[in-house]
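The following paragraphs walk through a few features of the structure shown here. Please keep the sequence and the model side by side while reading.

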Amino acid sequence: MVDAETIANSRIDIQVDKIRRFQVRSDDIFVITYPKSGTTWMKELVPLVLNGGDIEAIKDKAPDARMPYIDFALTSDLLVKNMLSDFGVNEDFDLNKRMSPRTMVSHLEAKYLPQQIEEKKCKVIYVARNPKDVAVSCFHFVQALLKRIDNSQCYKSFSAFLPDFIICKNDAQHVIYDGSLWKDHVLHWWSRRHDSNVLFMFYEDMKQDLTGNTRKMAEFLEVKLDDNVVEKIADHCSFDSMKKNPMALKSDYCSQRLKVNPTHDSPFVRKGKVGGWKNYFTVADNELFDSHYKVWIKDSDLKMQFDL
Ligand code: A3P
């Protein structure tokens, strides 16, 4: 007799296999991020860079439709879909019908991404964010999720959440992506940062100089943009401007899964700060985090900015 867990696992294997074997086009563009690192931001920026800054052309298109999650777009199994819907949108986007260049996002680890990304040398933009701010952003996201499922399961404080984020224990299922995975995620793409098809970006750099980073992105995507267009895009994608843009805030995930109004309570466009973690970490939290972080990056020259 096969139990439900075995069936679920085998279904996940089938879905993973489907994603791995997905036929990519050589001009496909993938934005890969660890959750809470600026994915929503990229869904506003990348389409505008590609269309030459034509805000009118994207203004009626929801961010998830502009750049779908490859994982969900390729997942047809209902059971897996229900499970995966905890990670993002739960809509069907037929990737094969999309015009080139297709733009897609994913939080998946490199080992689960379509194999052909490597073979066809598709462009990959990777965005990394310092893991202390990621942890806080994740905390708000998880709290919203738990509140919706069962209020009593919410974490009592950020300090109660942090150990579950750092080391994903089996019973801490709600953390979804844990900190040790952050290390594998970011370090993989950091080691690939000099590849000609990879652009490694930092959330903190984008916060400091969005115009310069938009220009960098345009050069990588081989789009010629006048300086005034680059500035227009950067201005449109600033945090304050996105916070006031109903379409940038539109999220089926917020409305359907979290039952919150994305215009007021979106965990996808929330505070947008660098160093906001200082309002949440106690001295003991910080020591705990640093002791793990030191181990995560001990063999790497990666330097994250925890403050500006
Ligand atoms: P905070 O929760 O720290 O505010 P993702 O889209 O990968 O889930 O990431 C969400 C995080 O990116 C949130 O962080 C959100 O506020 C931030 N973000 C979204 N748009 C942004 C923008 N235009 N500028 C800066 N941060 C932005």
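In this predicted model, helix H2 is largely enclosed by the rest of the structure, because 10 of its 12 residues are buried. The buried residues are Thr39, Thr40, Trp41, Met42, Lys43, Glu44, Leu45, Val46, Leu48 and Val49. The length of H2 agrees with expectation: at 1.5 Å a residue, its 12 residues should span 16 Å, and the C-alpha atoms at its ends are 16 Å apart. Just after H2, glycine 52 has a positive phi of about 75 degrees.

Helix H2 (39-50), helix H8 (131-149) and helix H14 (239-243) each contribute at least two residues to the shell around the ligand. In total, 22 residues surround the ligand, and the closest are Thr39, Thr40, Ser137, Arg270 and Gly272. By class, the shell holds seven nonpolar, 10 polar and five charged residues.

Elsewhere, a pair of helices can be examined. Two packed helices are described by the angle between their axes and the distance between the axes. For helix H12 (residues 210-220) and helix H13 (residues 227-236), the axes come within 9 Å and cross at roughly 115 degrees. The crossing of H12 and H13 is right-handed. H12 makes this contact through Leu210, Thr211, Thr214, Arg215 and Ala218, and H13 through Val230, Glu231, Ile233 and Ala234. Five of the residues in the contact of H12 with H13 are nonpolar, two are polar and two are charged.

Technical notes
Residues are numbered from 1 along each chain as its sequence is written. This is a predicted model: local features need pLDDT of at least 70, side-chain atom pairs count only at pLDDT 80 or more; totals for chains, interfaces and linings use all residues. A residue is near a molecule or strand if its C-beta atom, placed from the backbone, lies within 6 Å of it. Helices (H or I, at least four residues) and strands (E, at least two) are DSSP runs, numbered from the N terminus. Ala, Val, Leu, Ile, Met, Phe, Trp, Tyr, Cys and Pro count as nonpolar, Asp, Glu, Lys and Arg as charged, and the others, Gly among them, as polar. Axes are lines fitted to C-alpha atoms, for helices over the stretch in contact, and angles run from 0 to 180 degrees between N-to-C directions. A crossing is left-handed if the near helix is turned anticlockwise from the far one by less than a right angle, and right-handed if clockwise. Two residues are in contact if their C-beta atoms, placed from the backbone, lie within 7 Å. The expected span of a helix is 1.5 Å times one less than its number of residues. A residue is buried if 20 or more other C-beta atoms lie within 10 Å of its own, exposed if 12 or fewer, and partly exposed in between; C-beta atoms are placed from the backbone.
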